[in-house]
Amino acid sequence: MTSRVAALRAQALALAGRPMFREGARDAVPMAIGIGAWGIVAGVAMAKSGMGVPLAIFMSVLVYAGSAQIASLPLIAADAPMWVVWATTLCVSLRFMAFSFHYRPYFAHLPRPQRVALSYLMGDTNFALFIRRFPEHVPGQRYDEYFMGCALVTYGIWEVSIITGIVAGHGIPASWGLGFAGTMALLALTCTQLRSPSTWMAAVVAACAAVAAYALPLKLNIVVAIAAAVAVCVLIDHARTGPAGAKR
Amino acid sequence: MSPLEIFFTTIGMAVISLLCRAFFLIPKQDLPMPGWLREGLRYAPIAALSAVVAPELVLTQGHLIDTWRDPRVFGALAGLALYAWRRSLFGTIVGGTGVMLALRFGLGW
């Protein structure tokens, strides 16, 4: 048992010393203020939902998805059926599916348990920073180390701040604008992904669709927005490259 | 919901969330997929981020804001301008939030 702990410790220390791990960790630091602010807001919302501190912490550690957790709170408070909460979680988490599609070429060579472990740490911040750093997949880079550096810093900040919010609860007034700092963090991440006219188009179409379809239940507006943006961009790409689908 | 129900709801949420994140990483072989979908999925992440942000900026309690004097819109515009100028994530977050707070508390919007 002690030898396993020692081996794990040695492994962790070795990972922390890798240049790629350090680069990933460094890149995540500027996002800390946004993640921290949003984590506190999410924590306060969980505290106010009345589910109790232990369950709130349990959910934060296990689910590790701020938007899904916040979306679930009013449903849990309103005694909605379990499947409604799960369906909402699915709608909010669909974007992670798109992330995993993008990560595949970078991580496909790793053993499956490690791929699943990396998946658990996926989030908006990691993804945007990762794709900004590595827009194209070139074999031979230690992508997993960069990802872990970025993801562990993000995870640490998020868990500390959300648990702070859960425990501090009502002591943190809404007027501080912490929630807005979280939105600004997501806005900054969105900006990192605007690399071409088509991505601008995707962002604008999705934004309009998400607002227009906001009244839909189960957070379906996000699904509608993704579908609309993808459809419009694929159609435009095809119109530009010719109906035969000629590749650029 | 009772604590026990919340417990099971949480387990389900964790499983669903993890399955979504791992979806394309679990299979050994690439999943067969039509070309248009493969192409379209390139736009899904930016679309998703934008779809999460936009309602936060222009909706109040599910209704479109009906005044231009909304500090959030100007905060977001300031954040966008800062990003275009300095490409700084930190600057965008702090600047955008700063402008929003200045308008809310300074001008009482």
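What follows is a guided reading of cavities, pockets, salt bridges, backbone angles and a surface patch.

This is a predicted model, in which local features need pLDDT of at least 70, side-chain atom pairs count only at pLDDT 80 or more, and totals for chains, interfaces and linings use all residues. Residues are numbered from 1 along each chain as its sequence is written, chains are lettered from A and ligands numbered from 1 in the order in which they are written, and side-chain values use heavy atoms, with hydrogens and water left out.

Rolling a probe the size of a water molecule over the atoms shows where empty space is left. On a 1 Å grid over the protein atoms alone, a cavity is a set of points where a 1.4 Å probe fits but cannot get out, whereas a pocket is an open set with protein on both sides within 12 Å along at least five of seven lines; lining residues have an atom within 4 Å of a point. Grid points are joined across faces, edges and corners, and a volume is the space filled by probe spheres set on the points. One cavity of 30 Å³ or more is present, and the space in the largest cavity comes to about 260 Å³. Its lining is made of 22 residues, with A:W38, A:G123, A:D124, A:T125 and A:W158 nearest the centre. Helices and strands here are DSSP runs numbered from the N terminus (H or I of at least four residues for helices, E of at least two for strands). The largest share of this cavity lining, four residues, is supplied by α10(A). By class (Ala, Val, Leu, Ile, Met, Phe, Trp, Tyr, Cys and Pro nonpolar; Asp, Glu, Lys and Arg charged; the others, Gly among them, polar), the lining of the largest cavity has eleven nonpolar, eight polar and three charged residues.

The largest pocket has a volume of about 1200 Å³, and of its 36 lining residues A:V41, A:I70, A:G179, A:T183 and B:E56 lie nearest its centre. Among the 28 residues that line the second largest pocket, A:H102, A:P135, A:E136, A:R195 and B:R42 are the closest to its centre. Here α6(A) gives the most, with five residues, and the lining divides into 13 nonpolar, six polar and nine charged residues. A:H102 itself is placed in helix α6 of chain A; A:H102 counts as buried, because its relative accessible area is 18% and buried means under 20%, exposed over 50% and partly exposed in between (1.4 Å probe, protein chains only).

B:R42 also takes part in a salt bridge, with A:D237, at 3.6 Å from N to O; a salt bridge is a side-chain nitrogen of Lys or Arg within 4 Å of a carboxyl oxygen of Asp or Glu. This pair crosses between chains, from A:D237 in helix α12 of chain A to B:R42 in the loop between α2 (35-40) and α3 of chain B. A:D237 is buried at 2% relative accessible area, while B:R42 is partly exposed at 42%. Salt bridges that share partners also join A:R18, A:R142, A:D144 and A:E145 into one network. Within chain A, A:E23 and A:R133 meet in a salt bridge of 2.3 Å, N to O. A:E23 lies in helix α2 (residues 19-28) and A:R133 in helix α8, both of chain A, so the pair ties together parts that are 110 residues apart in sequence.

Most residues other than glycine have a negative phi, and most peptide bonds are trans. A:L218, although not a glycine, has a positive phi of about 60°, and A:L218 lies in the loop between α11 and α12 of chain A. B:R87 likewise has a positive phi, of about 55°, without being a glycine, and B:R87 sits in the loop between α4 (71-86) and α5 of chain B.

On the surface, A:L62, B:L4, B:F7, B:F8, B:I11, B:V15 and B:L19 form a nonpolar patch with about 590 Å² of accessible area together. Patches are made of residues with over 30% relative accessible area and no salt bridge, like charges being joined within 9 Å and nonpolar side chains (Val, Leu, Ile, Met, Phe, Trp, Tyr) within 5 Å; accessible areas come from the Shrake-Rupley method with a 1.4 Å probe, and for residues only the protein chains shown count as cover. Helix α1 (residues 3-22) of chain B gives the most to the patch, with six residues.
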